[in-house]
Amino acid sequence: MKAAIYTRFGPPEVLALHQVPKPEPREDEVLIQVRAMTVTSAECAMRRGEPLWGRIILGLRRPRKRMRTLGTELAGRVEAVGAKVTRFRPGDEVFGFTGFRLGANAEYVCLAQRASLELKPVNLGFEEAAAAVDGASTALYFLRKAGLRAGHRVLVYGASGSIGTYAVQLAKHFGAHVTAVCGPRNADLVAELGADEVIDYTKEDYSRSGARYDIVFDTLGKSSFAQARTVLTRQGRYAPTTGLGNTFLSLGTSLSRGRKVVTGMSVDKNDSLALLKGLIEAEQLRVVIDRRYPFDQLAEAHRYVETGHKRGNVVITID
Ligand SMILES: NC(=O)c1ccc[n+]([C@@H]2O[C@H](COP(=O)([O-])OP(=O)(O)OC[C@H]3O[C@@H](n4cnc5c(N)ncnc54)[C@H](OP(=O)(O)O)[C@@H]3O)[C@@H](O)[C@H]2O)c1
């Protein structure tokens with residue numbers, strides 16, 4: 001089978017397609033024929049070997065052997081199952097997340113049946129299903145962790161990205177009043193997704209708006225607690241998806257009574273995938289796809305995602 005492999009950290013050109021042996025499922029694993037996968041900002045950073053502290057996991061000087069095929073989100077068809085698998089059968093169409101083992105940039109991948117894997121929403125094709133995994137489940141994870149309730153006022157910073165487009169829709173679905181922060185090009189998109197108010201980050205600093213929010217969800221980690229706290233209610237939560245400094249702030253603020261920083265990693269997505277599948281099938285959640293690329297243009301897709309200006313998701317398709 002074909003798999004994208006990189007043997008050194010660097011620009012998109014370090015990715016190359018190679019022929020490698022097709023994996024065989026263990027007794028509790030399913031073998032999935034991958035039909036679509038995505039390229040995320042997080043994977044572009046891994047390819048570059050950033051942030052530097054991330055190399056403790058990725059490999060210090062070069063990518064660890066077992067992490068040389070990137071890719072976390074996928075959709076495809078179950079081709080074979082191990083002897084102890086009861087959740088899936090050959091022929092099932094699934095969508096899922098490989099987590100720290102990566103490996104979705106390949107024609108086939110094995111995942112444990114208890115991994116972040118679920119039957120694909122019936123109303124989505126493979127491309128949309130692959131793009132309905134990480135952004136959506138990460139948005140759900142942080143909104144829950146920040147204690148989202150109906151009636152809350154939520155500000156989504158970076159509302160036009162993968163996590164952001166889902167955060168706007170999910171916060172709205174759970175009854176919040178949503179203010180979306182995005183660039184002028186994406187104002188119409190986030191309004192269509194349900195945002196009640198839109199702030200253009202190129203013209204206005206949300207932290208000077210004078211408004212009050214229960215949650216500032218910083219999907220990009222490009223804002224800061226210092227900015228967010230000026231608009232948070234006394235019990236408000238600032239939820240950044242990234243940034244080592246924010247992890248220390250979350251430890252510090254967890255001891256205080258007031259505004260808190262909420263951080264974490266959305267890794268185990270099994271429960272959230274079932275919920276998201278239900279919302280998608282009920283047409284309560286839309287998948288935004290910006291561009292699609294064939295597998296042999298994976299590097300090109302990385303180059304585009306790396307600009308930091310994709311809308312929603314970028315998908316790779318395998319015929
Ligand atoms: N903690 C976790 O479990 C977890 C899980 C997944 C991902 N992450 C992290 O989440 C981060 C981003 O995720 P993502 O994939 O959603 O991002 P993304 O899709 O790459 O974000 C792209 C969007 O960001 C907008 N943008 C860029 N600069 C902006 C700014 N200053 N203000 C407002 N919007 C801006 C762009 O709009 P314009 O074109 O208008 O600029 C574009 O639409 C990554 O750092 C990733 O590592 C964390």
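Two strands pair if DSSP finds at least two bridges between them. Helices (H or I, at least four residues) and strands (E, at least two) are DSSP runs, numbered from the N terminus. On those terms, 6 strands form an open sheet with parallel pairing, in the order 10-9-8-11-12-13. Strand 10 (197–200) and strand 13 (260–261) stand at the edges, each with a single partner strand, so one side of each lacks a neighbour in the sheet.

This is a predicted model: local features need pLDDT of at least 70, side-chain atom pairs count only at pLDDT 80 or more, and totals for chains, interfaces and linings use all residues. Residues are numbered from 1 along each chain as its sequence is written.

**Inside the sheet**

Strand 9 is largely enclosed by the rest of the structure, because 5 of its 6 residues are buried. A buried residue has 20 or more other C-beta atoms within 10 Å of its own, with C-beta atoms placed from the backbone. Helix 5 lies across strand 8 (153–157), strand 9 and strand 11 (213–218). Helix 5 runs at about 170° to strand 8. Axes here are lines fitted to C-alpha atoms, for helices over the stretch in contact, and angles run from 0 to 180 degrees between N-to-C directions.

**Two domains**

The chain is divided into domain 1 (2–133 + 269–317) and domain 2 (135–261). The bounds come from an automatic or database domain assignment. The domain centres, taken over C-alpha atoms, are 26 Å apart. Domain 1 gives 17 residues to the contact, and domain 2 gives 15 residues. Residues are in contact if their C-beta atoms, placed from the backbone, lie within 7 Å. On the domain 1 side, helix 9 (residues 270–281) supplies the largest share, 4 residues.

**Around the ligand**

Which residues come nearest to the ligand? They are S160, G161, I163, G183 and H309, out of 31 residues around the ligand. A residue is near a molecule if its C-beta atom, placed from the backbone, lies within 6 Å of it. Helix 1 (41–48), helix 4 (134–145), helix 5 (162–173) and strand 9 (177–182) each supply at least two residues of this shell. Each of domain 1 and domain 2 contributes at least three residues to the shell.

Methods. Contact = placed C-beta atoms within 7 Å. Buried ≥ 20, exposed ≤ 12 C-beta atoms within 10 Å, placed from the backbone.
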